[in-house]
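I opened my notebook for a slow look at one structure.

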Amino acid sequence: MQTSAPGKIILFGEHAVVYGFPAIAAPVSSLRTYAAIRPNPPGQSGLRIVLPTAVDTLVITREALDESLALTVDKTLKVLSASEPDVTIEITSTIPIASGLGSGAAVAAALSRAICMALDRSIDNDTLNELVYEIERIHHGQPSGIDNTVIIYEQTIYFVRGQPIERFQVGAPLHILIADTGQAASTKVTVRAVRDLYESDPQHTQQIFQIIGDIVEQARYLAAFGEIERLGALMTANHDLLRQLTVSSDSLDRLVETAIRAGAYGAKLSGGGRGGNMIALVPADRLDDIHAALLKAGAVRVIATSIQ
Ligand code: PMV
């Protein structure tokens, strides 16, 4: 028996989303965290959580993980008014840690679902979403809620903090490459850096957020009409604004430039930034070439995904 939750990418609007502007995010179903439920070994009792290497080689601190796991267990049991199940839950993950792909929210979602399954109970997605949002606060400080929402509902969403989610419609498939800089990055740190920028120059920073928000609105419109080329240009424009918010890095900029030079419609960092992953919107017939170019430019891993 096992449960799972996907990874995610942010197509447009990260950071500004924390300040109430819209953003668009998509699940990456091929990257997942799994929580397998097994009987306890002889002589062991209570709830045991096992973290094999994929999650154990954490770049975020062990303390943060322990805290978030403990809190996930406590909050799930509280919602169910239940006591802990007598099982071992083994967590494995193919979502790289601390790289803007939502691993923290996926671990919490998969673990909470596994506890429910072990108790033969269930929690509806709205309640799980609130629960995982609380866990996200440990990783992010002041999360917008976009990560937990896209991961739990597992659908591409147009998201505005505090508002009901809307499905993001595409008029033609979006082919996306996700390239990993291999550099771990803390979302908490980048969210803090943007906050510092905002506090030191509120007017200018607010203007950048506003332009990002406008890009998101245009992207939503262009995607619905299958205007992929123009959508790509918006992606690159969004990246430039994220650079102005100081959350890009040399490796992210290099991968973005490489993708565009190799024929991508556009590219940007995805997630908190200063490391982690970038995404490129690519023509289907250029997928292999751009994939190879990103690896040659230093990406440690490149994954293809599509949004239909
Ligand atoms: O978890 P990450 O690195 O994908 O970042 C989430 C997106 C941010 O906008 C940077 C933070 C947030 O809470 O929305």
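This is a predicted model: local features need pLDDT of at least 70, side-chain atom pairs count only at pLDDT 80 or more; totals for chains, interfaces and linings use all residues.

**Entry 1: salt bridges**

I started by counting, and the tally is 12 salt bridges.

I then looked up Glu90, which forms a salt bridge with Arg38. The closest N and O atoms of the two are 3.4 Å apart. Where do Glu90 and Arg38 sit in the chain? I found Glu90 in strand S4 (residues 87-93) and Arg38 in strand S2 (residues 23-39), 52 residues apart, so I wrote down that the pair links distant parts of the chain. Glu90 has a relative accessible area of 23%, which makes it partly exposed. Arg38 is partly exposed too, at 38%.

**Entry 2: a salt bridge inside one helix**

Next up were Arg192 and Asp196, whose side chains meet in a salt bridge of 2.9 Å, N to O. How many residues separate Arg192 and Asp196 in helix H6? They are 4 residues apart in H6 (residues 187-200), which means about one helical turn lies between them. I looked up their accessibility as well: Arg192 is partly exposed at 45%, and Asp196 is partly exposed at 39%.

**Entry 3: from helix to helix**

Asp253 and Arg243 were my next stop, and their side chains form a salt bridge at 3.5 Å, N to O. This pair also links distant parts of the chain, with Asp253 in helix H9 (residues 250-261) and Arg243 in helix H8 (residues 228-244), 10 residues apart. Is Asp253 buried or exposed? I read a relative accessible area of 14%, so Asp253 is buried, since the cut-off for buried is under 20%.

Then I went back to helix H6 for one more item.

**Entry 4: aromatic rings**

A reminder I jotted down for myself: a pair of aromatic rings is described by the distance of the centres and the angle of the planes.

I counted 5 aromatic pairs. One of them is Tyr19 with Tyr198, a tilted pair with 5.1 Å from centre to centre and 50° between the planes. Why does this pair tie together separate parts of the chain? Tyr19 lies in the loop between strand S1 (2-12) and S2, while Tyr198 lies in helix H6, so the pair connects parts that are 179 residues apart in sequence. I noted that Tyr19 is buried, with a relative accessible area of 18%, while Tyr198 is partly exposed at 24%.

Tyr19 turned up again with Phe209. Their ring centres are 4.4 Å apart and their planes are at 20°, so I logged this pair as stacked. The pair links distant parts of the chain: Tyr19 is in the loop between S1 and S2, and Phe209 is in helix H7 (residues 202-224), 190 residues apart. Both Tyr19 and Phe209 are buried.

Which residues make up the aromatic cluster? My list reads Tyr19, Phe21, Tyr198 and Phe209, and they form one cluster.

I also checked for a charge over a ring. Arg220 lies over the face of Tyr158, 3.6 Å from the ring centre.

**Entry 5: strand S7 and its partners**

I turned to strand S7 (residues 174-180), which is mostly covered, as 6 of its 7 residues are buried. Which way do S7 and S10 run relative to each other? Strand S10 (residues 301-307) is antiparallel to S7, and 7 bridges join them. As an example, I found Ala179 opposite Val302 in S10.

S7 also pairs with strand S9 (residues 277-281), in the antiparallel sense, over 5 bridges. Here I found Asp180 opposite Asn277 in S9.

**Entry 6: around the ligand**

How many residues surround the ligand? I got 16, and the closest are Lys8, Ser144, Asp147, Thr187 and Gly272.

I looked at three of these contacts in detail.

- Ser144 has a polar side-chain atom 2.5 Å from an oxygen atom of the ligand.
- Asp147 has an N or O atom in its side chain that is 2.6 Å from an oxygen atom of the ligand.
- Gly272 uses a backbone N or O atom, which lies 2.8 Å from an oxygen atom of the ligand.

Technical notes
Residues are numbered from 1 along each chain as its sequence is written. Side-chain values use heavy atoms; hydrogens and water are left out. Buried means under 20% relative accessible area, exposed over 50%, partly exposed in between (1.4 Å probe, protein chains only). Helices (H or I, at least four residues) and strands (E, at least two) are DSSP runs, numbered from the N terminus. Two strands pair if DSSP finds at least two bridges between them. A salt bridge is a side-chain nitrogen of Lys or Arg within 4 Å of a carboxyl oxygen of Asp or Glu. Rings of Phe, Tyr and Trp (its six-membered ring) pair if their centres lie within 6.5 Å; planes under 30 degrees apart count as stacked, over 60 as edge-to-face and the rest as tilted. A charge sits over a ring if NZ of Lys or CZ of Arg is within 6 Å of the ring centre and within 35 degrees of the ring normal. A residue is near a molecule or strand if one of its heavy atoms lies within 4 Å of it. A polar contact is a pair of N or O atoms within 3.5 Å; within protein, one must be able to donate a hydrogen and the other to accept it, and residues adjacent in sequence count only if both atoms are side-chain atoms.
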